[in-house]
Amino acid sequence: MKVLIADAINEKGIENLKEVAEVVVDTSITPEELADTIHEYDGIVVRSRTKLTADLIQKADNMKIIARAGVGVDNIDLDAATEKGIMVVNSPESTSITVAEHTMGLLLTMARKLAIADKSVKEGKWEKKKFMGVELRNKTLGVIGMGRIGSQVVNRCKAFEMEAMAYDPYLPEEVAKQMGVELTDLETVLKNADFITIHVPLTPETKHLISTEEFETMKDTAFITNCARGGIIDEEALYDALANDKIGGAALDVYEDEPPAEDSKLFELDNIVLTPHIAASTKEAQRDAAIIVADEIIDLFKGGTPKNVLNMPRIDHKTYQEVSPYLSLCEKLGSFISQAVNGKIKEIEIVYSGELSEIDNLEILTRTVIQGAVNPFLSSPVNAVNASLVAKDRGISITEGRKNNAKGYDSLIKVTAKSAEDMFSAEGTILHEERILKVNDYWVDVIPEGHMFIAKYEDVPGSIGKIGTKLGEHGVNIGIMQVGRDEKGGRAIMILTLDKEIPQSVIKEIQALDNVYEAIGLDL
Ligand code: NAD
């Protein structure tokens with residue numbers, strides 16, 4: 001086996017690889033040189049310098065694995081790799097401890113005013129009284145997002161004798177219990193936490209999750225930190241909260257614009273600590289990234305299955321031809337029901353009807369549904385390879401069924417999400433393009449794409465108009481509208497495609513309208 005290290009990685013990873021492969025290190029290789037030699041290699045390790053385009057991958061006739069030491073894979077054409085049967089892996093867990101430690105650094109910096117104290121001493125001042133701090137001990141930590149990083153922050157805060165509570169609507173109670181944290185709603189976290197720390201992905205749901213109203217809810221001594229993604233905190237609202245002492249302080253590693261504008265108002269404030277998106281930058285994280293991807297390659301060469309695979313497994317050509325037209329629909333159905341159902345999903349049921357039900361192996365479709373269902377709330381992409389594992393870790397059980405009768409269509413796929421308090425289903429097919437034909441018990445005809453909105457409301461005159469007016473007032477244009485109802489004057493459902501994303505504040509306003517039971521914004 002021959003592996004090319006095309007970008008600089010930590011020596012330890014290279015050493016490990018040498019035990020199973022002939023390793024060539026050429027970290028200045030040009031695209032032209034790579035095009036001439038790529039066919040010689042069974043594996044390649046890159047970071048972000050080397051661009052593995054479709055053309056290059058096409059030439060990689062012996063390649064079995066592409067490893068990205070790090071997280072983002074924008075420099076790798078995943079589809080081309082899948083088509084060529086090459087596995088792509090990365091190392092999303094390599095930065096978790098590093099980011100958690102940076103978060104601890106920021107919590108302490110805020111609590112003890114370290115950054116401004118340092119600046120003051122260097123200016124020749126000795127302002128002991130000005131820098132009176134607070135302890136972390138016996139304070140309440142409020143974690144928003146209890147994934148890889150959030151859970152590591154909790155572990156570290158326990159050593160500081162802090163109490164921890166968390167908001168993570170997608171984490172099962174049992175898993176939170178094992179992590180030793182009490183799960184609660186966002187408002188309770190905001191009201192009670194002395195230190196709030198954000199570790200969620202940036203999604204339509206988390207965009208400006210923390211804005212004016214949320215700052216109003218916090219204690220006026222609360223400290224907040226964001227080492228996740230810019231845009232989760234509304235920076236305008238943050239500035240107002242800090243400038244008017246509505247909260248104690250803040251610390252950011254990530255920004256709505258990176259770098260922030262030179263004249264950012266945040267720079268004027270003393271009660272904010274700012275770092276330049278370095279939470280993941282440590283030697284250890286880079287070393288771990290190299291070791292993790294080396295282990296993945298070693299695993300594959302020894303006949304095992306790497307765990308961080310980002311593209312799909314190969315399936316036989318005939319099955320792929322039959323199922324591939326449904327892959328995108330499956331992902332969208334999964335995403336649709338997962339964003340629409342209330343509460344934590346406990347079960348996803350998938351039923352294939354008609355021609356599809358006659359195909360022996362539909363696992364790839366089932367995995368793609370799960371991928372669509374869990375991706376909206378996880379930070380690193382879940383894919384058809386690891387989807388089942390992720391679902392299991394999150395306490396979601398999967399059932400797959402088949403039916404002959406496709407109600408007059410060639411094939412139908414029905415996906416149902418069940419939580420403790422709710423159940424939401426969508427049934428779709430391909431009619432030249434992807435269509436959702438039934439939502440819960442209502443027949444509709446919707447193209448699932450882009451920004452969407454669902455309202456459940458009482459079927460009385462004026463209900464539809466009020467919702468449309470609210471959207472119009474906020475400049476949200478409706479593309480297509482579909483309505484369905486169980487009976488005259490009963491419960492009805494409206495599904496809209498929108499020309500732009502619907503802000504959470506507008507959803508809240510619609511939710512507050514008389515006759516509206518529920519309003520949900522979705523992004524497919
Ligand atoms: P993860 O996927 O392991 O965890 C994310 C958690 O957020 C999950 O438990 C999920 O259930 C939860 N979540 C999703 N939507 C939510 C919502 N609306 N409300 C509350 N919880 C919600 O991700 P991770 O690896 O822990 O990363 C967390 C964040 O840190 C991501 O935004 C990631 O991009 C970011 N990150 C930043 C840096 C940096 O350099 N600053 C480095 C690595 C990761």
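A residue counts here as buried when its relative accessible area is under 20%, as exposed when it is over 50%, and as partly exposed in between, with a 1.4 Å probe and protein chains only. By that criterion, 50% of the 524 residues of the protein chain are buried. This is a predicted model, in which local features need pLDDT of at least 70 and side-chain atom pairs count only at pLDDT 80 or more, while totals for chains, interfaces and linings use all residues. Residues are numbered from 1 along each chain as its sequence is written, and side-chain values use heavy atoms, with hydrogens and water left out.

The protein chain contains 18 helices and 22 strands, which are DSSP runs (H or I of at least four residues for helices, E of at least two for strands) numbered from the N terminus. Its radius of gyration is 25 Å, close to the 24 Å of the globule rule for 524 residues, so the chain is as compact as a globular protein of that length; the radius is taken over C-alpha atoms, and the rule is 2.2 Å times the number of residues to the power 0.38.

The structure also holds three aromatic pairs, meaning rings of Phe, Tyr and Trp (its six-membered ring) with centres within 6.5 Å, where planes under 30 degrees apart count as stacked, over 60 as edge-to-face and the rest as tilted. In one of them, the ring centres of phenylalanine 195 and phenylalanine 223 lie 5.2 Å apart with planes at 15°, so the pair is stacked. This pair links distant parts of the chain, since phenylalanine 195 belongs to strand β9 (residues 195-198) and phenylalanine 223 to strand β10 (residues 223-226), 28 residues apart. Phenylalanine 195 is buried at 1% relative accessibility, and phenylalanine 223 is buried at 12%.
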